[in-house]
Amino acid sequence: MIPSLEGILLAESIQQNPASTLRVLELMNNAEISDEGAIALALMLRTNTSIQEIALCANSIGDVGATALGSALEINKGVTVFRIRNNDIGSDGTTAIAKALAVNRVLKVLQLNANRMGDLGAVAIGKALRSNCSLVELALGSNHIGDVGCNAIAFALHNSLPLQKLVVSGNNITESAAAALFAALLACGCTLEKLALAGNPIATIGIEFLNTRKITFVSLNYADLAWPPISVASRAVPGDRSILYKFLDSVAANSSLLVRSRLMLVGHGGAGKTTLKTALLMSSRILQRTLCRSCWNYRCSMA
């Protein structure tokens with residue numbers, strides 16, 4: 001374990017040696033490295049050009065330290081890999097790192113897993129991604145991100161990003177935001193090779209999932225899906241989703257037969273009503289939905 005003071009001295013030592021050839025700096029699993037140590041490291045990074053990879057995982061760095069590091073990354077032109085997983089970084093610290101992401105043109109890997117950025121932090125990251133042209137890996141798992149944050153990331157994917165790996169597992173993302181993410185993959189011609197969504201409360205997937213065909217690895221809690229049927233979903237694995245694609249292709253093909261549907265169900269509750277509601281909502285072309293106290297009235301128009 002490296003006390004914060006020693007971390008500060010290490011940073012100062014590197015800063016005072018302009019001829020340093022250090023390429024990888026790993027200071028991990030050190031609870032004593034907190035904001036004070038992170039600030040010292042940030043000052044060093046403002047002038048250092050040799051370090052290419054930094055790992056500050058499992059320390060005690062909070063928003064203050066992350067803000068200092070983010071400010072340094074706006075200036076630094078050498079770091080290509082920045083790992084700061086499992087710290088105590090909230091939305092303020094994440095926003096500072098996002099600000100750097102918007103202007104940094106050399107950073108390729110950013111790992112922020114297991115912090116507490118929430119939707120506010122994820123929205124800041126999403127906005128920064130719109131102008132980023134270098135990042136190939138972004139890891140935001142276990143960060144209390146909900147649909148608002150995921151939608152911001154999905155919106156960014158509409159740009160032509162070089163991103164190859166996106167990790168948003170272990171968050172609070174539901175099927176609606178996941179559908180937006182899947183839809184964005186088609187819109188941007190994205191280069192994603194790996195998409196991690198496991199550990200989110202995603203109960204159903206619709207035909208938007210077909211846009212993941214070109215992605216090599218898609219992690220999802222397939223066996224926990226309520227739709228498609230368990231007989232189909234439970235047989236899918238991250239590296240082989242062919243059975244899901246076959247089923248969803250069939251759904252997409254047959255959905256064109258539905259021109260107009262009107263349904264009235266009197267009463268409250270009922271498993272049949274819930275199941276039918278889920279099936280109807282699968283169509284992205286439902287234009288109008290009216291929910292009355294005594295009935296459900298759906299009008300669907302298919303192009």
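Where is Asn87 found? In this predicted model, look in the loop between β3 (81–83) and α4. Asn87 has a relative accessibility of 11%, and since anything under 20% is taken as buried, that residue counts as buried.

So what surrounds the Asn87 side chain? One of its polar atoms lies 3.4 Å from the backbone nitrogen of Ser60, and a polar atom of that side chain is also 3.3 Å from the backbone oxygen of Ile84. Setting aside neighbours within four places in sequence, Asn87 touches Leu56, Cys57, Ala58, Asn59, Ser60 and Ile61, along with Ala114 and Asn115.

Several of its residues are buried: Gly93, Thr94, Ala96, Ile97, Ala98, Ala100 and Leu101. Among the elements covering them are α3, β3, β4 (109–111) and α5 (118–129).

The axes of α3 (residues 63–75) and α4 (residues 91–103) come within 7 Å and cross at roughly 5 degrees. Angles under 35 degrees count as roughly parallel, so that is how these two helices run relative to each other. On the α3 side, the contact is made by Asp63, Ala66, Thr67, Gly70, Leu73 and Glu74; α4 brings Ser91, Asp92, Gly93, Ala96, Ile97, Lys99, Ala100 and Val103. Sort the residues of this contact by type and you get 6 nonpolar, 4 polar and 4 charged.

How values were computed. Residues numbered from 1 in each chain as written. Predicted model: local features only at pLDDT ≥ 70, side-chain atom pairs only at ≥ 80, totals over all residues. Heavy atoms only, no water. Axes fitted to C-alpha atoms, helices over the stretch in contact; angles between N-to-C directions. Helix = DSSP H or I, 4+ residues; strand = E, 2+ residues; numbered from the N terminus. Parallel < 35°, antiparallel > 145°, perpendicular 65-115°, else oblique. Contact = heavy atoms within 4.5 Å. Nonpolar A, V, L, I, M, F, W, Y, C, P; charged D, E, K, R; others polar. Buried < 20%, exposed > 50% of the residue type's maximum accessible area, 1.4 Å probe, protein only. Polar contact = N/O pair within 3.5 Å; in protein donor to acceptor, adjacent residues only side chain to side chain.
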